[in-house]
Amino acid sequence: MSPMLETCLALGKTFPVYDPRTAEVIANVAEGDAEDIDRAVATARKAFDEGPWPKMTPYERSRIMLRAADLIEKNMEELAALETWNNGKPYVQSLKSEVPMVVRLLHYYAGWADKIHGLTVPGDGNYHIQTLHEPIGVAGQIVPWNFPLLLFTWKVAPALTCGNTIVLKSAEQTPLTALYVAKLFHEAGLPPGVLNVVSGYGPTAGAALASHMDVDKLSFTGHCDTGKIVQELAAKSNLKPVTLELGGKSPFIIFDDADVDQAVELAHFALFYNQGQCCCAGSRTYVHERVYDEFVEKAKARAMRRIVGDPFKSGVEQGPQIDPEQFEKVLRYIRSGIESNATLECGGDRLGNRGYFVQPTVFSDVKDDMLIAQDEIFGPVQSILKFKETDDVIRRANKTRFGLAAGVFTKSADTANTMMRALRAGTVWINCYDVFDAAIPFGGYKLSGIGREKGIYSLNAYLQVKAVVQPVKNPAWL
């Protein structure tokens, strides 16, 4: 167990963690607050300034990360069950997709550890000029509840690769897998104080981490309104750099040359995956007028076939929403769609009377000015809009405060090339959706965020670049 976990327990405060299938308490978890954040940061600072982690060879760091990946793989079934129990996502999704991606991400970043290097820079005059890439220091990280374990790894892996130490605040709804995996990292040989996990609430522990004067870098994933607060706290404290991965209202655009059956299935997946609780969900489904009616009928039929229920049961595609707050929010948006005269094709209500299950819901005749077409619902609600011209759908797709992702479904290479350049989004999927390889950078334009997660680009956020200049007498060459 990490020193930070022991510290939180010593304070004696706890909060309940719930099973969203039943609304019953799973466990009571140690609650960290501002004092715990102070202790965690002090521990991480000492580990960075005096401990072995930044001074290890990159190869040594890589080996520890690979051992952690092996332990996660060894405990894959237990981790997947814990993730589903605490979050509500289908167990097969946790087991077959998300935990394996955690292992893959650790392998990917372990491979980067000994490939981070600076440059020898030519300059005017007799000088030897080089750049050094150094770890930034103590990294504060705040992760959300929709992909607790996966996004834990998105943040932790590149920070560790670069030689930093970490204080991570888990989401109060889903703290369990973060605690479990932190324990596995320490079993793998991660030195004390390098990875510190604090379970707690945003206004207390999260705000304390964002405003802490001894945190050198901050990474946050969550709602854009909270992201603004995080950036403001970071700026008002020590002006620490901030990476933000925030919300989205991503367009999924289906052209008239598309195979409608394939487009229906892909659009369904783009919206309903993970109970619709994806920041990049294809939540504005634009369909060309020539295939609109056919698409709507088939999209409705597909949603009505969607299997909702206990996520541990075989064949279940959709579990519950995360908590009562998110559950009620989704139902409010459904009521808003009905009140604004969108056509409710199917769904529109809760499912059952226990837990936080929402019927797969499809709206047609949606207009761009409706709330269900503007706001991030973060639930299983598909909004289908009609378009005629390419230029028009580009304008409408881009007329949003978000810019996280977009999808395009077409057989035309020319259309695909036009759209991939015209859409103002951090990721554009062509004839696919939600493809998340470890090497693919992820992040957004506009209110969808700052910086990138995953891939080589995420390493830059955890490094300082230092220029070193020294004179050279009588050089043979420069």
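Let's start with a strand pair: E9 (residues 251–254) and E10 (residues 284–288) run parallel to each other, joined over four bridges. Within that pair, Ile-254 sits opposite Val-287 of E10. Keep in mind that this is a predicted model.

Zooming out, E9 and E10 belong to an open sheet of seven strands, ordered E11-E12-E13-E10-E9-E14-E15, and the pairing is mixed. At the edges you'll find E11 (343–346) and E15 (427–430), each pairing on one side only. From one strand to the next, the twist averages 20 degrees.

| Strand | Residues |
|---|---|
| E8 | residues 242–245 |
| E9 | residues 251–254 |
| E10 | residues 284–288 |
| E12 | residues 361–364 |
| E13 | residues 381–387 |

A helix goes with this sheet too. H11 (residues 292–305) lies across E9, E10, E11, E12 and E13, and runs at about 175 degrees to E13.

Now for Glu-245, which UniProt lists under "active site" in an unreviewed entry. Glu-245 is located in strand E8. Is the residue buried or exposed? Glu-245 counts as buried because its relative accessible area is 2%, with the cut-off for buried being under 20%.

Note on methods:
Residues numbered from 1 in each chain as written. Predicted model: local features only at pLDDT ≥ 70, side-chain atom pairs only at ≥ 80, totals over all residues. Heavy atoms only, no water. UniProt positions renumbered as here; feature names shortened; annotations may be inferred. Helix = DSSP H or I, 4+ residues; strand = E, 2+ residues; numbered from the N terminus. Buried < 20%, exposed > 50% of the residue type's maximum accessible area, 1.4 Å probe, protein only. Pairing = 2+ DSSP bridges. Axes fitted to C-alpha atoms, helices over the stretch in contact; angles between N-to-C directions. Contact = heavy atoms within 4.5 Å.
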